[in-house]
Amino acid sequence: MKPWEAYIRKAVPYVPGEQPEGNRIIKLNTNENPYPPAPGVLKALREMNGEQFRKYPDPSANMLVEALADSYGVKEEQIFVGVGSDDVLGMAFLTFFNSERPILFPDVTYSFYPVWADLFRIPYETPKLDEAFRINPEDYKKANGGVVIANPNAPTGTALPLKAVEEIIKANQDVVVIIDEAYVDFGGQSAVPLIHRYENLLVVQTFSKSRSMAGMRIGFAMGCETLITALKHVKYSYNSYTMNQPSIILGTEAVKDREYFERRVADIVRTREAAKIRFRELGFSCTDSCTNFLFVTHEKAGAKELFEALKREQIYVRYFAVPRLDNYLRVTIGTDEEMETMYQFLTSYLKGL
Ligand SMILES: *Cc1c(COP(=O)(O)O)cnc(C)c1O
């Protein structure tokens, strides 16, 4: 080992789901939206002529912030935007979790949280979800350096009622509480109205799931002006031009078309509710998902074998080889046609067991 190697910052990276190439693939492994973004997004994209690439982007992404403020009924000073909610969440960990005390998040949740905590040397504890994968608010009523809750949670899909979220925030007014609402548009209760009552609350959302724009990388946070200003100061101390100008323009178009957004979310919710029934008929049980994915386990077939059998058919779902989750599959809600192809295969595969 070279002497300088001792000073390298060691990091254990987050492992995202596979991005396989090919047009026969049914991709239900990373919770992308199966539908295209709003027509206005594609129109604005066609109208770009290169001028958007030549100049530096607006570092404050003002056009997008204005559209979001208008849509969510908050002030522009209460919004921070970033390159996907991963960027926003990472920046929030760096900005707000600077205490000697451990931050708290559930043992089963978005697996990026422990990665950021380790990278930024933030101590953390992970209270256990109960047998039904539910969060117990009581576990978050002890001394801590901050709290992070994904609501609805991933990869379980289950949601905490807003009352329970508020109970957690209320018990933790001396630290920052982050609520990650990546999936809230599919049926959760948003904590955004609470930002006006709790100055320590930061709500994070993304364009990657409900707005069909995972490839554009747009996320945002809402909170009181003090929190948002602190986030901006950290961001501008690192890299001012993170979000590119096409993303700012196209994200703005997506926010403006509320009708399309609501219609597509309703399409996915309808397919999800039908999927709960179809999976149960096939011998699976599933958590009561409020998201664009189901978390399922089969009474007889092992999850790993199912995962591999589906993959041989070019149907990609997500499997987590970790304790408590290793007999479950996380299946993104696709189009009705994609789901039908999967049910057909599962029916014949399970018959052959
Ligand atoms: C998908 C996801 C994110 C990150 O999404 P971005 O694409 O970075 O906006 C954050 N939190 C949870 C719980 C997610 O599932």
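Predicted model: local features only at pLDDT ≥ 70, side-chain atom pairs only at ≥ 80, totals over all residues.
Reader: Why is V88 called buried?

Author: Buried means under 20% relative accessible area, and V88 has a relative accessible area of 0%, so V88 is counted as buried. V88 has its place in helix α4, and, leaving aside neighbours within four places in sequence, V88 is in contact with F80, V81, G82, V204, G219, F220 and A221.

Reader: What makes those residues contacts of V88, and how far is V88 from Y110?

Author: Contact means heavy atoms within 4.5 Å, and that is the sense in which F80 and F220, among them, are in contact with V88.

Reader: How do you know that the largest cavity lies between domain 1 and domain 2?

Author: Both domain 1 (18-36 + 259-351) and domain 2 (39-256) give residues to the lining of the largest cavity, and therefore the cavity lies between them. The lining consists of P37, A38, S210, R211, S212, A254, D257, Y260, F261 and R264, and helix α9 (residues 258-281) gives the most to it, with three residues.

Reader: What is the volume of the largest cavity, and how does its lining divide by class?

Author: The volume of the largest cavity is about 80 Å³, and the structure holds one cavity of 30 Å³ or more. Its lining has five nonpolar, two polar and three charged residues.

Reader: Which helix gives the largest share of the lining of the second largest pocket?

Author: Helix α4 (residues 84-96) gives the largest share, five residues. The lining of this pocket includes D86, D87, W116, F120 and Y238, and its residues divide into six nonpolar, two polar and two charged. The volume of the second largest pocket is about 220 Å³.

Reader: What makes a set of residues a nonpolar core, and which residues have the most contacts inside the largest one?

Author: Such a core is made of buried residues of nonpolar kinds, joined through side-chain atoms within 4.5 Å. The largest nonpolar core has 87 residues, and F279, L329 and M342 are those with the most contacts inside it. This core draws at least three residues from each of domain 1 (18-36 + 259-351) and domain 2 (39-256). A second, separate core has 28 residues, including L89, F105, F112 and A117. In soluble globular proteins, nonpolar side chains tend to be buried together.

Reader: Which residues does M342 touch?

Author: Not counting residues up to four places away in sequence, M342 touches L28, F279, L310, I315 and V331.

Reader: Why is A61 called buried but Q314 partly exposed?

Author: The cut-off for buried is under 20%, and partly exposed lies between that and over 50%. A61, at 1% relative accessibility, therefore counts as buried, whereas Q314, with a relative accessible area of 25%, is partly exposed. A61 is found in the loop between α2 (51-54) and α3 (62-72), and Q314 in the loop between α10 (303-312) and β11 (315-316).

Notes:
Residues numbered from 1 in each chain as written. Heavy atoms only, no water. 1 Å grid on protein atoms, 1.4 Å probe; cavity = no way out; pocket = protein on both sides within 12 Å on 5 of 7 lines; lining within 4 Å. Points joined across faces, edges and corners; volume = space filled by probe spheres on them. Helix = DSSP H or I, 4+ residues; strand = E, 2+ residues; numbered from the N terminus. Nonpolar A, V, L, I, M, F, W, Y, C, P; charged D, E, K, R; others polar. Domains from an automatic or database assignment. Buried < 20%, exposed > 50% of the residue type's maximum accessible area, 1.4 Å probe, protein only.
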